[in-house]
Amino acid sequence: MAAQFLIESVVLGAAGGGLGVLAGAAITRAMAYQRGWQPLVPPVAALVGLAAALVIGAAAGLYPALRAARLAPTDALRST
């Protein structure tokens, strides 16, 4: 069960990071064209942004994953 939570948080982090990189590149291009500059988005910056999103997603999902792994499935489904 812990692996499921961790995988879910990493996938969500990757999706959010990918969308963030795409949005950042699009905004950079739009601003550069508006000001007459040559748009430049270094590939390293995109990779570092995506890697940071993955690490943050994994870190954010680690605590809930470990906590859920300690619970019995019936206790996890029971409302408080």
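Here is a short walk through the structure above, helix by helix.

The model is predicted, and for that reason local features need pLDDT of at least 70 and side-chain atom pairs count only at pLDDT 80 or more, whereas totals for chains, interfaces and linings use all residues. Residues are numbered from 1 along each chain as its sequence is written, and side-chain values use heavy atoms, with hydrogens and water left out.

Let's begin with helix 1, which covers residues 2–35. Helices here are DSSP runs (H or I, at least four residues), numbered from the N terminus. The 34 residues of helix 1 should span 50 Å at 1.5 Å a residue, and its end C-alpha atoms are 49 Å apart, which agrees. The expected span is 1.5 Å times one less than the number of residues in the helix. Just after helix 1 comes Gly36, with a positive phi of about 80°.

Next, meet the partner, helix 2, made of residues 43–69. The axes of helix 1 and helix 2 come within 7 Å and cross at roughly 155°. That angle makes helix 1 roughly antiparallel to helix 2, a term for angles over 145 degrees. Axes are lines fitted to C-alpha atoms, for helices over the stretch in contact, and the angles run from 0 to 180 degrees between N-to-C directions. The crossing of helix 1 past helix 2 is right-handed, meaning that the near helix is turned clockwise from the far one by less than a right angle.

Which residues meet where the two helices touch? Helix 1 brings a set that includes Phe5, Leu6, Ser9, Gly13 and Gly17, and helix 2 answers with residues including Leu50, Gly57, Ala58 and Gly61. Contact means heavy atoms within 4.5 Å. The residues of this contact divide into 15 nonpolar, seven polar and no charged. In this count, Ala, Val, Leu, Ile, Met, Phe, Trp, Tyr, Cys and Pro are nonpolar, Asp, Glu, Lys and Arg are charged, and the others, Gly among them, are polar.

Ser9, Gly13, Gly17 and Ala32 are buried in helix 1, and the buried residues of helix 1 pack against helix 2. Buried means under 20% relative accessible area, exposed over 50%, and partly exposed in between (1.4 Å probe, protein chains only).

Setting aside its neighbours within four places in sequence, Ser9 is in contact with Gly57, Ala58 and Gly61. Across in helix 2, Gly61 is buried too, at 7% relative accessibility. Gly61 touches Leu6 and Ser9, again leaving aside neighbours within four places in sequence.

Glu8 also lies in helix 1, and at 44% relative accessibility it counts as partly exposed. Its C-alpha atom is 8.9 Å from that of Gly57, although Glu8 and Gly57 are 49 residues apart in sequence.

Our last stop is helix 3, residues 73–77, where Pro73 lies. Pro73 is exposed, with a relative accessible area of 56%. The C-alpha atoms of Pro73 and Ile56 are separated by 27 Å, and these residues are 17 apart along the chain.

Conventions. Angles under 35 degrees count as roughly parallel, over 145 as roughly antiparallel, 65 to 115 as roughly perpendicular and the rest as oblique.
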